[in-house]
Amino acid sequence: MYIRSTGWAGILAWILLACPATAQDIGPLSSDLDNESLALRTVPLPMMEAGPDAIVRRHIEHIEAHEVGSVSHHVRKAVTIFSRQGRDAFGRIHLFHDSFRSIDHLDGWILDAEGTVVAELDDDDLRDYPANDGFSLYRDLRVTIAGLNHSTYPHTIVFEYTVDREGHLDWPVWQPHHQSASVEHAQYMVDTPEAMQVHYDLRRGAPEPETHRHDDRRVHTWTVRSADAWKAELHGPPWHQQAPAVHVAPHRFAISDTEGTFASWSAFGDWYYGLTEGRQGLSPASTVRAHEVVEEAATRRDSVQALYEYMQDHTRYVSVQLGLGGWQPFDAGYVERTGYGDCKALSNYMQALLEEVGIQAFPVLIHGGSNPPELRDDFPENRFNHMILAVPVEQDTLWLETTSQLLPFGHVPRSIKNRRALLVREEGSHLVELPSSQPEANQRTRVAEVQLTSSGDATASITNRYTGIFQDTPRHRLTNASARARMEWLRDQIRFSTFQIVDADFASVDARERAIRLPVTLDLPRHAAATPSRLFVELGLRDRTRSVPDEPDDRRIHPVHGFTAPAVYTDSVTYVLPDGYGVEALSGGTVFEAPFATYTVTVTHEAPDQIVYVRHFKVREAVLRPDYYERYRKLLRQMHETDAMQAVLVKQ
């Protein structure tokens with residue numbers, strides 16, 4: 001047994017977890033959660049028929065709110081393991097802790113097939129590490145990893161723990177289903193003082209709760225039994241955005257010495273505005289400099305650009321996440337003195353510079369990265385991990401990502417594009433939609449000339465041009481990188497089976513331009529299959545096309561996440577034939593047209609010594625309606641077919 005803290009709170013939590021509960025109890029365990037009930041013979045036979053790697057026997061979560069500023073999260077999870085794959089998936093847990101979360105109790109044990117304890121969690125099974133994110137200078141977040149291992153199958157692994165939270169800013173989302181295991185019994189209990197208001201939101205078919213009162217407390221209980229492993233639709237949202245979920249939030253919350261409410265998005269914005277108020281003060285020297293920077297600006301937009309680029313040149317992104325500092329920005333003077341800050345501090349500093357010259361700007365809370373959570377108008381909750389700045393200009397809004405010294409002004413990177421966010425104002429904070437983009441804004445263009453030899457070897461000169469979201473990755477990976485790191489990145493992008501990089505030009509990476517241009521020269525040994533009289537040449541540049549998903553058994557439910565973003569991909573490849581060779585056979589082109597995309601390939605042989613291959617792919621919609629799924633499959637089939645297009649050259 002592992003206990004991080006002591007005192008009556010810890011002892012009470014342990015009593016609740018360790019003792020069998022009666023039907024009237026409101027603790028995290030129900031009466032059937034003894035070790036004998038987890039013996040293999042008690043597994044429902046239908047769950048064994050598919051030969052599973054694991055079955056989740058019990059997964060009980062209990063949110064116990066003590067007051068507006070304190071909550072305990074009790075968990076007990078028992079999983080019967082049938083294979084190494086099941087052990088790898090369920091044999092360890094990760095518990096995060098920081099200034100506002102502490103591990104009060106952690107225990108675990110292994111049961112054999114008869115339900116007898118054969119091993120218990122001890123200190124050797126625990127590891128505790130800083131939860132490094134790779135860019136934070138100071139961060140109090142740590143992770144404790146607990147692992148149990150047993151070589152005899154089947155066996156059952158049981159973990160139980162309590163995490164105490166100071167504050168009610170975010171409660172766990174309950175998702176009872178698993179991708180790789182069926183669930184015998186899952187339960188979620190939210191146990192609050194009767195006077196505490198809570199809101200819940202049932203998503204994607206989650207069950208309604210049972211509600212009862214016990215003394216002066218109210219308990220909401222959600223239960224799922226005998227649930228199969230959740231089979232997500234292919235090429236759709238991530239599985240956890242397809243499976244049922246229960247979101248719960250308190251009406252009032254507290255963190256550190258601040259309080260707020262989730263009564264509305266505006267109310268949540270009021271709380272955050274209070275954290276930033278009065279933190280925009282600049283030194284006299286900075287106020288003078290701000291006005292000097294915009295002296296020659298002709299328009300409001302020009303002024304924003306001048307100050308944004310000044311900020312980029314004089315600051316760098318360094319994350320500092322300590323206590324309330326995970327939410328409250330350092331004041332502008334701190335960034336001015338040190339030259340660094342996290343997303344909140346840099347956005348606040350940029351806001352101070354703009355407002356000094358009379359330009360209003362607003363902080364925007366957002367989720368940065370892939371798979372942003374769904375924010376609903378009628379259910380305010382904390383699902384943010386990043387901040388940017390919104391600046392209204394002439395009939396438009398500029399969205400400023402202040403953490404990058406590399407991005408060109410006005411560019412909205414892929415990590416925050418096309419999602420909802422909370423714009424924070426002194427009054428009237430509200431959800432906003434960050435823009436998507438037109439296909440022409442995101443282009444990846446390749447122009448190549450391939451010189452073939454009679455032996456099948458080739459030399460290729462290829463120029464890649466990236467605009468919009470396609471410049472994000474090369475700009476961040478290559479700017480300030482060593483020559484060796486740049487070449488390693490380039491090698492990873494090349495799809496030919498054998499090649500040698502002769503030359504590459506990275507000059508355009510270092511400029512803050514709206515496009516990146518990367519010319520490269522390659523030697524391609526055995527590019528064409530050669531016989532004494534013929535060459536067989538694969539056309540195109542070997543893109544990796546997605547595999548074609550199977551036809552669904554049932555009617556498609558979820559949208560099709562087919563593409564990264566609206567975009568235009570263009571390849572133009574000229575093949576120069578060896579002396580004395582002509583074209584014997586040439587693959588034809590293809591055309592695909594749908595409301596969401598256009599795909600065309602043409603192959604021409606107008607000059608005697610040349611073949612020209614042109615591939616044009618325009619994506620108009622990145623996320624497709626479910627009824628477009630069959631046409632999406634047809635597009636992928638055609639792309640696979642054209643990936644194999646060949647030309648046969650014959651010696652004259």
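The following dialogue examines a predicted model of a single chain.

Trainee: How many helices and strands does the chain have?
Mentor: The C-alpha trace of the chain spans about 95 × 75 × 45 Å along its principal axes. Within the chain there are 11 helices and 38 strands.

Trainee: What percentage of the residues in the chain is buried?
Mentor: The chain exposes about 30100 Å², of which carbon and sulfur atoms supply 47%. A residue counts as buried when its relative accessible area is under 20%. Of the 652 residues in the chain, the buried share is 51%.

Trainee: Among contacts with a separation of 6 or more, what share comes from residues 24 or more positions apart?
Mentor: A contact here requires heavy atoms within 4.5 Å. For contacts in the chain with a separation of 6 or more, the share from residues 24 or more positions apart is 72%.

Trainee: How many Å apart are the mean positions of the positive and negative charges of the chain?
Mentor: The chain carries 64 positive and 90 negative charges.

Trainee: In which loop is P154 found?
Mentor: The peptide bond from Y153 to P154 is cis, with omega near -5 degrees. As for its place in the chain, P154 is found in the loop between β8 (142–147) and β9 (155–166).

Trainee: Is Q395 buried or exposed?
Mentor: Q395 is not a glycine, yet it has a positive phi of about 50 degrees. Its place is in the loop between β21 and β22 (396–400). Exposed means over 50% relative accessible area. Because the relative accessibility of Q395 is 86%, this residue counts as exposed.

Trainee: What is the relative accessible area of N371?
Mentor: N371 also is not a glycine and has a positive phi of about 50 degrees. It lies in the loop between β20 (362–366) and β21 (386–393). N371 is partly exposed, and its relative accessible area is 39%.

Trainee: Which residue in β24 stands opposite A421?
Mentor: Strand β23 (residues 420–423) and β24 run antiparallel and are joined by 4 bridges. Opposite A421, the residue in β24 is V432.

Trainee: Which residue in β38 stands opposite Y581?
Mentor: β33 and strand β38 (residues 646–651) pair in the antiparallel sense over 5 bridges. Opposite Y581, the residue in β38 is K651.

Trainee: Which residue in β28 is the bridge partner of A460?
Mentor: Strand β28 (residues 515–524) is mostly covered, as 7 of its 10 residues are buried. It runs antiparallel to strand β26 (residues 458–467), to which 10 bridges join it. The bridge partner of A460 in β28 is L522.

Trainee: Which residue in β28 stands opposite D503?
Mentor: Strand β27 (residues 500–504) is joined to β28 by 4 bridges, and the two run antiparallel. Opposite D503, the residue in β28 is T521.

Trainee: Is H178 buried or exposed?
Mentor: H178 is found in the loop between β9 and β10 (182–193). Leaving aside residues up to four places away in sequence, H178 touches several residues, including V56, H59, W230 and W239. Because its relative accessibility is 12%, H178 counts as buried.

Definitions and conventions
Residues are numbered from 1 along each chain as its sequence is written. This is a predicted model: local features need pLDDT of at least 70, side-chain atom pairs count only at pLDDT 80 or more; totals for chains, interfaces and linings use all residues. Side-chain values use heavy atoms; hydrogens and water are left out. Buried means under 20% relative accessible area, exposed over 50%, partly exposed in between (1.4 Å probe, protein chains only). Accessible areas come from the Shrake-Rupley method with a 1.4 Å probe; for residues, only the protein chains shown count as cover. Lys and Arg count as positive and Asp and Glu as negative; His and the chain ends are not counted. The place of a charge is taken as NZ of Lys, CZ of Arg, CG of Asp or CD of Glu. Two strands pair if DSSP finds at least two bridges between them.
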